[in-house]
Amino acid sequence: MNRGLTYIHLTICGLLSSLSIHAGTHAGMTHVETGSLLVVADFNGDRNDSIPEDVSLQEVVITATRTPKTLKDVPVVTRVITAEDISKADATNIQDLLTEELPGLEFGYAMSQETSLNMSGFGGSSVLFLVDGERLAGETMDNVDYNRLNLDNVGQVEIVKGASSALYGANAVGGVVNLITQERTEPWHLNINGRYKGFGNEWRAGGDLSFNTSKWNSNTTLQYTSSETVRLTDPFDIESKIHEVFGGKTFNVKERLIFRASDRLRFIARGGYFSRKSFRANYDDHYKDYTGGLRSIWEISKNQTLELSYSYDQYDKVRYVAGMRTPDHDYSNRQNIVHGLYTKFWGSNGLTAGADFMHDYLTSYQFSNNDSHSQTSIDAFVQFDYNPLSWLNIIASVRDDYFSASDKNAVTSRLATMFKLDPLSIRASYSGGFRAPTLKEMYMSFDMAGIMMIYGNPNLKPERSHNFNLALERNGMVRSSTLEGSYSVTMAGYYNYYDSRITTEDFPATGDLEEGVMYVNEDGVKVMGVDVNARYRTLFGLGASASYSFLHTVGRSIDSQFTQPRPHSATWRLDYERQFCKNYRLYASISGRYLSKPESDYETDGAYSLWKFTLRQQVWKGVSVNFIVDNIFNYRPKVYYWNSAPTTGTTWSLGLSLELDEMF
Amino acid sequence: MVKIKTLKKILTAIVLCFGALAIVASCSDDEKKEPEPVIDPIAPPAQNVEGSYTGNMTCTIMNQEVSFENMTFKFKATGDATVDVTIPTFSYSGYDSPVAMVIPEINVAGVKVSGEKDTYSIAETKFEGTSDAGKKYSGVLKGTSVGGQLTFNFNLTLGSMPMPMICTFTGSRKID
C-alpha cells in the first residue's frame with residue numbers, strides 16, 4: 001500500500017444514488033465526526049495499482065439511523081458526498097454542492113430573491129438541514145440560510161431522501177441533509193483556499209486550522225465571500241420575473257474544541273458567528289447568526305453509549321436603507337435545544353432511544369406590532385435495529401412529538417428492511433413524516449410591500465406524510481477486459497401521501513381583517529417518482545456516471561410561482577483521474593445536468609441543460625489548482641423565471657488550495 | 001370680351017372660396033390645436049426633445065399589467081445633449097391590498113440625448129433617489145422620440161418592492 005499519497009476509491013451506492021468516493025489522505029487516517037461517534041474511514045491503496053474494492057462500501061454513515069452503519073448495510077436510502085467530491089466541485093456552500101450532485105434537486109428564487117429549494121417536489125420547509133445533527137434557526141420564505149452552510153472542514157454530506165420524522169421530528173418530511181464535520185488526526189493542519197469566479201466577480205477566501213494532541217483537538221474555520229450584482233436580462237424585459245442576481249458579502253467563523261477526558265468520555269464545545277449582507281435595489285439586508293453548543297459522549301461500555309448535548313442558535317435579520325437601520329424588518333429566531341441519546345448493542349442488534357427539548361422564540365416584523373411568540377417542543381423516540389439473519393436487517397422506530405403553541409402532538413413511525421440477496425440488495429421501507437406549524441405560519445400578519453396581506457392561522461394542524469420506498473441495487477466487477485473496473489446500478493421508487501399539508505389560500509375580508517391569503521391545511525397531495533443511477537469506473541482512472549430522476553406530483557400546494565416540479569431531471573459525469581508522478585495529480589471531468597420543463601399552472605421555465613468542465617491539478621505538495629468552465633455551451637434562458645438557471649452564459653472560475661502542513 | 005370677364009369672375013370666385021376656406025381652416029386650428037412643435041434640424045438634440053409629452057402608460061407590476069391614462073412626462077433641456085426628465089406621480093392598488101402604493105414624482109437629471117432631424121434617442125440611464133416621504137427608489141430609463149412622438153420606458157423599484165415595475169409610456173410632444 002502506498003502510504004505516501006494514497007487515495008481511497010470506494011464504490012458508494014445508496015438506494016437512490018451511487019458515486020465514486022475519493023478520500024485523499026496522507027499516511028494516517030481520516031476521521032469523520034458524526035456527531036455522536038467517531039468514525040474511521042480507512043483506505044485501500046492506490047487504485048492505479050490494484051483492483052478497486054468490489055462493493056466494499058465501507059463508508060460509514062449515521063444520518064439514516066442515528067447510529068453508525070456502513071453504507072452497504074444501511075437499510076434506508078442514503079447518498080454520501082465526500083470531502084474529496086466537495087473539493088473537486090470547488091463549491092462554496094451546500095447550495096452549490098447539491099445543485100451539482102443531485103438530480104431532482106433545484107434551487108430557485110422566491111419573492112425578494114430569497115433562495116427557494118425544491119427537492120423531488122418538496123420545498124425548503126419539508127427538508128431538514130442539520131450540521132452535525134443539530135437544527136438551524138431562522139428561515140426566509142420557508143428556507144434556512146444556505147449561505148451559513150459553508151463547506152470548509154466538512155467531512156461528508158449525507159442525504160436521506162424520504163420522511164425521517166420518526167428519528168428527527170418536524171420538518172423531516174421530504175428528507176434530511178446532514179453536514180458532518182471532519183475531525184483531523186494530524187498534529188496540525190492548515191488549509192488556505194481562495195477562488196475567483198467570473199459570474200458576479202465573486203471572490204472567496206477561506207481557511208481551516210486544526211491542532212491535535214492526545215487530549216485536545218481544535219478546529220477553526222474562516223470564510224469570506226463577496227460578489228457583485230449581475231444583470232441577467234434587459235431592465236425593460238416584462239416577461240422575466242428576475243432581472244438581476246443581487247450581490248453580497250458573507251463572513252463565517254467556526255470553532256470546535258474537543259477534550260478527551262478519557263478513552264471513554266469526551267466533550268465537544270463549539271461556537272460560530274455568521275454574517276451576510278445582501279445588496280438590494282434600495283436597501284441592504286443584514287443577516288447574523290450566533291451559535292454555540294456543548295456535547296458529551298460517554299462510552300459507558302463497549303456496547304453502550306450515552307450522549308447529552310445542549311445547543312443554542314440565534315438567527316437575526318435587519319434592514320438598512322442608505323446606511324441607516326430601519327426598525328420595520330427586525331427578525332430574531334432563537335432556539336435552545338437539549339438532546340439525549342442512548343444506544344446499546346448486543347450481538348448484531350441495537351437499541352437507540354432519545355429525547356429532545358426545544359424552546360423556540362421568534363420575534364418578527366411579520367407579526368402584528370413586531371410581536372414575539374414562543375413555543376416548547378418535547379419528543380421521545382426509540383429505534384430497534386434487528387438482524388435476525390445475515391441477509392436480513394429490520395429497523396423499526398417510533399417517536400412522539402409535542403408542541404406547546406398548538407397544544408398538539410404527532411406520533412410517527414418507520415419500518416425499514418433490507419434483503420441482501422447477493423449480488424442484489426433490496427431495500428423497502430415505510431416512514432411517517434410530519435411538520436408542525438411554525439410560529440410564522442400560526443401568527444403572521446403581514447402586509448407584503450403593499451401588495452397583499454398574509455395571515456397566519458393558530459388553528460393549523462401538523463402536516464403529515466406517509467412515505468413508501470422500494471429500491472434495488474446491484475454492484476459488481478468487470479475483470480476480463482481492458483475496461484476492468486467496478487460498476488453499480490441502483491433503481492428506487494417512492495410514493496408519498498400528504499394529509500393536512502400547510503399552504504396558503506385566498507382569504508376574503510372578514511371582521512377586522514382585510515382580503516389577502518391565509519395559511520390553511522390541504523389534503524390530497526401526492527408525490528411519487530423513480531430514481532435510477534448507474535456508474536462505472538475503470539482501473540486506469542476513467543469513470544462515468546449518470547443519474548435520472550422521474551417525479552410526478554398531485555396537488556396544487558407543491559406548485560407555486562416559485563417552486564414547481566420538473567418531471568424529468570438527470571445528471572452525468574465523465575471523468576479521468578490519475579497520479580502521474582509524486583507531485584502531480586490530474587482530475588478532469590465533463591459533467592452536466594438536465595431539467596425538463598416543470599409541470600405547472602404558472603408561466604414557467606422551459607427545459608434546459610448545463611454542462612461543466614472541471615480541471616483539478618495537484619501541482620506540488622499540498623498545492624491544488626481548480627479551473628472550472630461552467631455552462632460551456634453558453635445557455636441563456638429566453639425568459640428568467642424564478643426557477644430559471646441564473647446564468648448569463650459561459651463563465652469560469654479559478655481556485656487555489658494550499659495544504660500548508662503537507663509542504664513541510 | 002364677355003368670355004374673358006366671365007372667366008375672371010370664375011377665377012375670382014375660386015380664389016375667394018379658397019381664401020375663405022383658408023380663413024375657416026386657420027380659425028379652426030386656432031381653436032383646437034396647440035402650436036405645432038418645431039423640429040429645428042440645426043438645433044441641438046436636447047432642444048428638439050424638450051417639452052411636455054402627454055399620453056398613456058402601461059406598467060407591469062408584480063406580474064399584473066396596469067394602464068394609466070393622460071399622463072404627462074416632462075423633459076427640460078439643460079445642455080445641448082442633456083435633459084432633465086420628470087416622471088409624474090401615480091398610484092397603484094394591487095391585488096387585494098387595502099393600501100394604494102403611491103409612486104412619487106421622480107426627477108432624473110442629466111439624461112443624455114442624441115439624434116438628428118426628427119429622430120432622437122434618450123440614453124439608457126440609471127437613477128436613484130429618495131422621495132419626499134423618505135422612500136428610496138431606483139431604476140433605469142430610456143426612450144426614443146420620432147417626429148414629436150415619444151416612446152419612453154422605465155424600470156422602477158420603490159422601497160422594498162420585491163421586483164421592479166416596468167412601464168412604457170407613449171405620448172405626443174407639446175412645447176411648454
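Is A:Glu134 buried or exposed? A:Glu134 is buried, with a relative accessible area of 5%; "buried" here stands for under 20% relative accessible area, "exposed" for over 50%, and "partly exposed" for what lies in between (1.4 Å probe, protein chains only). That residue is one stop on a quick tour of a predicted model. The predictor gives the complex an ipTM of 0.74 and a pTM of 0.85.

Before the tour, a note on bookkeeping. Residues are numbered from 1 along each chain as its sequence is written, while chains are lettered from A and ligands numbered from 1 in the order in which they are written. As this is a predicted model, local features need pLDDT of at least 70, side-chain atom pairs count only at pLDDT 80 or more, and totals for chains, interfaces and linings use all residues, with side-chain values using heavy atoms and leaving out hydrogens and water.

**Confidence in chain B**

- Chain B has a mean pLDDT of 81, and 73% of its residues reach 70 or more; pLDDT is the predictor's confidence in each residue, from 0 to 100.
- Among the elements of chain B, the lowest mean pLDDT (51) belongs to helix α1 (residues 2–32) of chain B, and the highest (96) to strand β3 (residues 82–87) of chain B.
- Over residues 17–31 of chain B the pLDDT is below 50, and beyond near neighbours in sequence this stretch has 0 contacts in the model (a contact means heavy atoms within 4.5 Å).
- Where pLDDT is low, the predicted coordinates should not be read in detail.

**How chain B is put together**

- Chain B has 2 helices and 10 strands; these are DSSP runs, with helices being H or I of at least four residues and strands being E of at least two, numbered from the N terminus.
- Reading from the N terminus, the elements of chain B go α-α-β-β-β-β-β-β-β-β-β-β.
- Of the 176 residues in chain B, 39% are buried.
- Take the contacts in chain B with a separation of 6 or more: 46% of them are between residues 24 or more positions apart.
- The accessible surface of chain B is about 10,100 Å², and 56% of that belongs to carbon and sulfur atoms; such areas come from the Shrake-Rupley method with a 1.4 Å probe, and for residues only the protein chains shown count as cover.

**The disulfide**

- Over all chains, the structure holds 1 disulfide, meaning a pair of cysteine sulfur atoms within 2.5 Å.
- B:Cys59 and B:Cys167 are the partners, at 2.1 Å from S to S.
- B:Cys59 sits in strand β1 (residues 51–61) of chain B and B:Cys167 in strand β10 (residues 165–174) of chain B, so the pair ties together parts that are 108 residues apart in sequence.
- The link of B:Cys59 and B:Cys167 is right-handed, with 110° about the S-S bond.
- B:Cys59 is buried at 0% relative accessibility, and B:Cys167 is buried at 0% too.

**Salt bridges**

- Side chains of opposite charge can pair when their charged atoms come close.
- The count is 36 salt bridges over all chains, each being a side-chain nitrogen of Lys or Arg within 4 Å of a carboxyl oxygen of Asp or Glu.
- Back to A:Glu134: A:Arg295 forms a salt bridge with A:Glu134, with the closest N and O atoms 3.1 Å apart.
- A:Arg295 lies in strand β23 (residues 284–301) of chain A and A:Glu134 in the loop between β13 (127–131) and β14 (154–161) of chain A, so this pair ties together parts that are 161 residues apart in sequence.
- A:Arg295 counts as buried, at 11% relative accessibility.
- A:Arg399 pairs with A:Asp379 in a salt bridge, the closest N and O atoms being 2.8 Å apart.
- A:Arg399 is in strand β28 (residues 392–403) of chain A and A:Asp379 in strand β27 (residues 372–389) of chain A, so the two tie together parts that are 20 residues apart in sequence.
- A:Arg399 is buried, with a relative accessible area of 4%, and A:Asp379 counts as buried at 8%.
- A network of salt bridges links A:Arg79, A:Glu100, A:Glu101, A:Arg573 and A:Lys612.

**A buried serine**

- A:Ser589 lies in strand β40 (residues 584–595) of chain A and is buried, with a relative accessible area of 3%.
- Leaving aside neighbours within four places in sequence, A:Ser589 is in contact with residues including A:Arg573 and A:Lys612.
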